[in-house]
Every structure is written in structure tokens, then in C-alpha cells.
Amino acid sequence: MKLCRLTEDNVKNLYGKKICCFEYSASYMEELCAAYDVAEKIDKIVDVNVRNQGMHSLNGRNIEVCGTGYFESLDIPNTAILITSDYFIEAYEKLCSMPLLKASADTVYYFVNKETGYELEYRKLYKETPLKSIILFRSGPHASSYVKGMDFADNARALFEYMLQNGYNEKYELIWLVKNPDEWEGHYNAKNVKFLSYEWSVSENQKERDRYYHALCLAKYIFFTDAYGFARNCRKDQTRIQLWHGCGFKTRVNFVRCERRYEYTTVISDLYSKIHQDIYGLREDQVLVTGYAKQDWLFHPVMDWKDRLGIPEAQKYIFWLPTFRMAKQQLQNLNEYELGGQTGLPVVCTHEMLVHLDGLLKGMGIVLILKLHPFQDREKTGSIDMENIVMLDNGQLAEKDIQINQLLGHADALISDYSSAAVDYMILDRPIAFTLDDVEEYGHSRGFVFENIREWLPGMELFSFEDMCRFIKEIGRDTDTTKEKRRKLTSQMHKYQDGNSCRRISEALRI
């Protein structure tokens, strides 16, 4: 079975057959149908990701996306297999591992979209050019899932700022891929710092494309937090590092082996090293136990935060960071389910409860700061206008250019649920509580990395509004009833409990 790139010359080989596409991407399918007259001939799409499976609309037609079991009943002589994926080599190898296809199919075609086409040209151009002293950074999800502020944030930004503070820009050019470079040019008065747009990968302006691919093809190190597909065709002498957002409680929905998609990832302990090997399909030597870069911010919080965010003075501050259930419009494939009630929040389900909670907080001199997840659809929560309950969302923090871990150092306690922010916060050894009223539903919808999740939660369990009030009272009275459990779990879940993760990451990679 041979692999062949789809072109104007050979697309006619598909016209007399039904087309079965392998691996689903809405944008890929749109580009395919715009480039070639094949939309009406696509019979099925096969994808291993269960969240992609179901009925999808293509040019007004509903086409089923099904699992690989479909190949067992495939009418191979009358079907053309077409790979529609960035990772067409990996997809081809998957197909070759299926005995029926290996024995029967003679040619498998792959479609190259606009971005991949440009990249392959530049990779060929720079094939023999020595790598340059460039460190490339990117954060946030795929470009189609853009959320303001997430493209210059998280672990990648923490590591970048550490490198800048320690003079790495004297030897290396530190280049960021963001959506809008103009937002950040001049943000740092430092040499060898540049911002390029990741959208230049498909720009019609050749100068923009040249700048983008010069950095991508010749960088020695490429750091990213989340999306990594842009670096899929890197040379063997380039080093890609997945910094990820956090080591948390939620499992990965779609298992894809990442062993060949990047060289290293960072985690916080040997426990999470094993977990990430399992859920990301990595070798042990690819997982660096260094701590997360953004955990360093916990020890150096931003000092003028109350003035910048309009936070009232209080004796104590509790942060509440619920993870999302209903995501924003462009991220709806990530949806879990919608919480009921008037508030869209766990445990505190009615406006009457909010009023009661606000009164309790006021009486104890506490301000509760409710920070929504960047993916959360705020309309599902609405506006909360209380004296001692302040709501923050990602847009507000992005406008003020403040990262959540730069605030959590000021928190006297944290309320979470299944967010990795709680795991980060553990290293400050302060009280934590977990809202668990939907723990069973979330376990069935998303799932957890630990079999007995409640055994691994380093804090008070909140199943009801009364539990929430009890936790608030404990903080007001300086009571910490779960400190022994938290400290025991911290020793298992964190190898380091300091502010030196960025240094360890740099040393581990010998930068």
C-alpha cells in the first residue's frame, strides 16, 4: 500500500469511487472541497476520536464520522481512502497496521492543506541550513479556538520571562507566535525579543510568511502550552517541548500518542510522570520532572492587583476557580454539560444563596473572588453584583495583562473542583476546598486520572451550600481541618515546592 499526495493530476482516480476520509477536521474538509470537486463523493469519514464521531454537515450534506470498525466492512475495490490530517504520515502508518487495508488497498491518498503546503516548501528550502540561536514560544489552543490573552500566557510565558530576566536574550533570539503581534511589540524593552503572528503561516504576504517560517524552521528550541500541531514537521535537530497547562484531575478525552509529536514535556512529580506517559503516549525519558514554570509566579504575585482589578479591601481573600462545563461558542466541541440552577455555578445554585453567602462573607471580613475559566461561556453564569463577591473573567485579566497564578499568591484559601489550579496551589500549603455536587456526572462525562478521585483531593469536600458556608467560616476562624491530608498528598503530587521550576526546565534542556 503506497502513500500518494492528492493533486490535480491524480484526483481523477477518485472520481469513479466512493471516498472514505480518514481523520476529521472541519477546516480540512472545507479546504479539500474548495480545492477539488469531491464533496459529493465523500461517503464516510473515519476518526478514532469519539468526540468527532457522529453526523457532520459538509456542503449541505450530513456525513457520518465513525470509528475504525467501519474499515472492517469497507468495499475496498470501490472505495478510495483519503487522509485529511496534518499528521498524514502517522495516519498512513495507522492504516498500514490494519491487516485488511494492508492486504487489499493499493494506494492511499493524502490531502495537503494550504498551511502544510507552505510549510513543506519552506522545510525543503531550509533543509541544509544550520539551525540558529532561536527559542520559539507559543501558548493557548489551536488558532481556530482563539481566546483573548491565552496566546501570550501560561507556562510558556512564565519560562520566557524567566529567560528574559536572566539574560538568555543575550545569546538567543526569543520569538513569540501570537495572534496580533502589534499588541505586544514594545511590551518589553529588550533586545532579541520579537512577536510574529501564527496566522502568517498562511499569509498571502510573502514577507510575513518568510519571517514566520524562518523562525519555525530554524529555531533550536520550540516551547508551547497546548497546541503543538504547528510544529509537526520539525527536523530531528530541533527540540520541541510541551509545557502544557497543568497536572490536574481531569483525564484526556482523546488518546493520541504524542511520542513523535514533541521531544519532551514537563510535569510536577514522578506520580504525574507515569500519568502523562499513559494518557499522552510518551516514553519515560520524554517526561521531565521539573515543576511547572507558572508555579514560580505563586511565590512572586503581582503587587498592585487590587487597584488594577478593582478588588475591595478585606481581611482575607478566597479565590473560587470552577472549571468550565459549557464552553464558548468556538469551543463547543469541549462541552461537558450544562449546570442547572439560576447561577450556572456548582453548589451555589440560586440568587438567594448568593445573597446569603455575600452576607456571611461580609460579616467575616472576607472577599470571595470568583474567577471563571477562560473557556467558560459567561452567559451561562450571568452577572454577579455583590458587595463581597467579585467576579473576574479571562477578558478582564487579559486587559490588565495579569495571569491567574500571579494572583493566587494572595489567596488565603482556594475553592476549586477538578481544575489543575488547585494542584498548583497546593505548594503554598493553604486551605483548599472542592465543589463535588456533580462529581459522578463529571466522572462519566470527562473522567479522572485517579480511579478514586476523592482520595486524591487535598481539601474539604463541598457537596452542598451548607458545606460551602462551613468552609468560609473555617477560613474566617483560621481553621484548617484538612491540612494533614493536603500535606500528605502534596508530598506525593509535587517533587518540588519552591519557585525554581523555570531554572530546572532550562537546566534539564541544557539551554
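Which elements cover the buried residues of α6? In this predicted model, the cover includes α4 (114-125), β8 (132-140), β9 (173-178), β10 (193-197) and β11 (219-226). The residues of α6 that are buried are Arg 209, Tyr 212, Tyr 213, Ala 215, Leu 216, Cys 217 and Leu 218. At the start of α6, the backbone nitrogen of Lys 207 has a side-chain oxygen of Asn 205 within 2.9 Å.

Helix α14 was examined in the same terms. Its twelve residues (465-476) should span 16 Å at 1.5 Å a residue, and the distance of 17 Å between its end C-alpha atoms agrees with this. Burial in α14 involves Phe 465, Asp 467, Met 468, Cys 469, Phe 471, Ile 472, Glu 474 and Ile 475. These buried residues pack against β15, α9 (351-364), β16 (366-371), β18 (413-416), β19 (432-435) and β20 (460-462). After α14 comes Asp 478, with a positive phi near 60°.

Strand β15, one of the elements against which α14 packs, spans residues 316-320 and contains Lys 316. Lys 316 has a relative accessible area of 15% and is therefore buried, the cut-off being under 20%. Beyond its neighbours within four places in sequence, Lys 316 is in contact with Gly 365, Ile 366, Val 367, Asp 412, Ile 475, Gly 476 and Asp 478. Among these contacts is Ile 475, a buried residue of α14. The C-alpha atoms of Lys 316 and Met 364 are 8.7 Å apart, with a separation of 48 residues in sequence.

Gln 406 lies in helix α11 (residues 405-408). Its relative accessibility is 14%, so Gln 406 counts as buried. Residues up to four places away in sequence being left out, Gln 406 touches Trp 297, Pro 301, Val 302 and Asp 401. Asp 401 belongs to the loop between α10 (394-400) and α11, and its phi is positive, near 55°, although the residue is not a glycine. A positive phi, of about 85°, is also found at Glu 23, again not a glycine. Glu 23 is placed in the loop between β2 (18-22) and α1 (26-35), and its relative accessible area of 13% makes the residue buried.

Cavities of 30 Å³ or more number two in the structure. The volume of the second largest cavity is about 40 Å³. The residues lining this cavity are Ser 139, Gly 140, Pro 141, Ser 145, Tyr 146, Val 147, Met 150, Asp 151 and Tyr 198. The lining of the second largest cavity comprises five nonpolar residues, three polar residues and one charged residue.

How values were computed:
Residues numbered from 1 in each chain as written. Predicted model: local features only at pLDDT ≥ 70, side-chain atom pairs only at ≥ 80, totals over all residues. Heavy atoms only, no water. Helix = DSSP H or I, 4+ residues; strand = E, 2+ residues; numbered from the N terminus. Buried < 20%, exposed > 50% of the residue type's maximum accessible area, 1.4 Å probe, protein only. Contact = heavy atoms within 4.5 Å. Polar contact = N/O pair within 3.5 Å; in protein donor to acceptor, adjacent residues only side chain to side chain. 1 Å grid on protein atoms, 1.4 Å probe; cavity = no way out; pocket = protein on both sides within 12 Å on 5 of 7 lines; lining within 4 Å. Points joined across faces, edges and corners; volume = space filled by probe spheres on them. Nonpolar A, V, L, I, M, F, W, Y, C, P; charged D, E, K, R; others polar. Expected span 1.5 Å × (residues − 1).
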